[in-house]
Amino acid sequence: RFDAVVLACTAAEAARLAQPLAPTWAAQAAALDYEPIVTVYLRSPGSRLAQPMTALVSGQQAPAQFAFDIGAIERGGAREGLFAFVVSGARVWTERGLEATTAAVLQQAQAAFAPGTWCAPLQVFRTLAERRATFLCVPSLQRPSSRIVAGVAAAGDYIDGPYPATLEGAVRSGASALAALGLAGAPARAAR
């Protein structure tokens with residue numbers, strides 16, 4: 001038995017769990033539409049970017065908005081020469097197929113950086129598509145509040161707040177959920 005519960009899970013799972021307690025809240029959480037994110041990992045041994053994260057100009061033939069130098073970000077540089085190119089709002093690219101997306105990112109990576117950036121030819125390491133990575137931000141979007149019913153709150157990037165689907169939004173929603181339950185600053189125990 002617990003005095004309060006925070007559902008720190010996806011909107012779909014929170015909607016399923018909350019349905020018997022708060023059908024209106026559950027319907028709002030379940031109504032969110034999603035947008036995929038594709039990450040293309042490229043390898044070029046010995047290469048480094050000038051910055052650990054680089055914003056890219058995206059367009060019809062250039063899908064990625066960001067490039068991350070994984071070797072520069074991780075301590076110890078165990079994955080030096082590994083780069084993650086992130087395609088947010090990737091629905092149009094997933095419709096073209098992951099092979100086409102990967103090829104376009106490879107071409108973009110070769111064109112977006114100054115000559116000499118790549119010490120070795122870029123090679124595709126892996127492509128990942130997270131089909132429900134982020135909720136779709138549209139005008140008049142109604143996001144659920146953190147409070148579900150007395151004693152039950154939700155935390156996640158989909159909770160109503162000032163941020164779109166981000167880690168910052170998820171963390172802040174956790175603090176809001178605790179505050180809504182009157183537990184701000186209290187130690188939390190995880191239940192299995």
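**Figure 1. The whole chain.** The chain has 6 helices and 8 strands, where helices (H or I, at least four residues) and strands (E, at least two) are DSSP runs numbered from the N terminus. This is a predicted model, in which local features need pLDDT of at least 70, side-chain atom pairs count only at pLDDT 80 or more, and totals for chains, interfaces and linings use all residues. Residues are numbered from 1 along each chain as its sequence is written, and side-chain values use heavy atoms, with hydrogens and water left out. A box of roughly 60 × 35 × 30 Å, taken along the principal axes, is filled by the C-alpha atoms. Of the 192 residues in the chain, 36% are buried; buried means under 20% relative accessible area, exposed means over 50%, and partly exposed is in between (1.4 Å probe, protein chains only). Take the contacts (heavy atoms within 4.5 Å) with a separation of 6 or more: residues 24 or more positions apart account for 63% of them.

**Figure 2. Helices α1 and α2 side by side.** Two packed helices are described by the angle between their axes and the distance between the axes. Here, the axes of α1 (residues 11–18) and α2 (residues 23–30) come within 8 Å and cross at roughly 160°. Those axes are lines fitted to C-alpha atoms, for helices over the stretch in contact, and the angles run from 0 to 180 degrees between N-to-C directions. The two helices, α1 and α2, are therefore roughly antiparallel to each other. On this scale, angles under 35 degrees count as roughly parallel, over 145 as roughly antiparallel, 65 to 115 as roughly perpendicular and the rest as oblique. The crossing of α1 and α2 is left-handed, a label used if the near helix is turned anticlockwise from the far one by less than a right angle, with right-handed used if clockwise.

**Figure 3. Who touches whom between α1 and α2.** On the α1 side, look for A11, A14, A15 and A18; they meet P23, W25, A26, A29 and A30 in α2. Sort the residues of this contact by type and you get 9 nonpolar, no polar and no charged. For that sorting, Ala, Val, Leu, Ile, Met, Phe, Trp, Tyr, Cys and Pro count as nonpolar, Asp, Glu, Lys and Arg as charged, and the others, Gly among them, as polar. T24 also sits in helix α2, and at 67% relative accessibility T24 counts as exposed. T24 and P162 are 138 residues apart along the chain, and their C-alpha atoms are separated by 22 Å.

Figure 4. The structure holds 4 aromatic pairs. Rings of Phe, Tyr and Trp (its six-membered ring) pair if their centres lie within 6.5 Å; planes under 30 degrees apart count as stacked, over 60 as edge-to-face and the rest as tilted. F83 and W118 are an edge-to-face pair, 5.0 Å centre to centre with 80° between the planes. F83 lies in strand β5 (residues 82–87) and W118 in the loop between α5 (98–112) and β6 (123–135), so the pair ties together parts that are 35 residues apart in sequence. F83 and W118 are both buried. F85 and F113 are also edge-to-face, at 6.4 Å centre to centre and 80° between the planes. This pair links distant parts of the chain, with F85 in strand β5 and F113 in the loop between α5 and β6, 28 residues apart. F85 is buried at 0% relative accessible area, and F113 is buried at 13%. Together, F83, F85, F113 and W118 make one aromatic cluster.

**Figure 5. T54 and its neighbours.** Find T54 in strand β3 (residues 53–55). T54 is buried, with a relative accessible area of 19%. Not counting residues up to four places away in sequence, T54 touches L49, Q65, F66, A67 and F113.

**Figure 6. S173 in helix α6.** S173 belongs to helix α6 (residues 167–180) and, at 5% relative accessibility, counts as buried. Leave aside its neighbours within four places in sequence, and S173 is in contact with A154, A155, G156 and I159.

**Figure 7. Two exposed loop residues.** S140 is in the loop between β6 and β7 (147–149) and is exposed, with a relative accessible area of 69%. Phi of S140 is near 65°, a positive value in a residue other than glycine. A78 is in the loop between α3 (70–73) and β5, exposed at 73% relative accessible area. A78 and G169 are 91 residues apart in sequence and 30 Å apart in space, C-alpha to C-alpha.
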